[in-house]
Amino acid sequence: MSDLLRTPERRTCERCGRVEQYDEGVWRADRLGDLYCIHEWDIDGAFVPVKGEATPAAEEC
Ligand SMILES: [Zn+2]
């Protein structure tokens, strides 16, 4: 079997086009989008990120 990993490793914002990759517990920006965007992640599968206004932003300046 080759599908040991079921966690999402990549996500793309549908609004600004930001692309992040999951690496060692953190999301790393592969392509910067709009820093002020309320990212709407398009993730395949059943993984749903917590939605809310209290989500801490992990943006680099
Ligand atoms: Zn976005």
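Predicted model: local features only at pLDDT ≥ 70, side-chain atom pairs only at ≥ 80, totals over all residues.
**Around Pro8**
- Pro8 and Tyr22 are separated by 14 residues in sequence, and their C-alpha atoms lie 7.4 Å apart in space.

**The sheet as a whole**
- You will find 4 strands in an open sheet, ordered β3-β2-β1-β4, with antiparallel pairing.
- At the edges are β3 and β4, each of which pairs on one side only.

**β1 and its partners**
- On one side, β1 is joined to strand β2 (residues 19-23) by 3 bridges, and the two run antiparallel.
- Within β2, Glu20 is the residue that stands opposite Arg11.
- A hairpin is formed by β1 and β2, with 5 residues between them; in its turn, Gly17 has a positive phi of about 85°.
- β1 also runs antiparallel to β4, and 2 bridges join this pair.
- Trp41 in β4 stands opposite Cys13.

**Confidence**
- Across the protein chain the average pLDDT is 77, and 59% of the residues score at least 70.
- Strand β3 (residues 26-31) has the highest confidence, at a mean of 93, while the lowest is in strand β4 (residues 41-42), at 90.

Note on methods:
Residues numbered from 1 in each chain as written. pLDDT = per-residue confidence, 0-100. Pairing = 2+ DSSP bridges.
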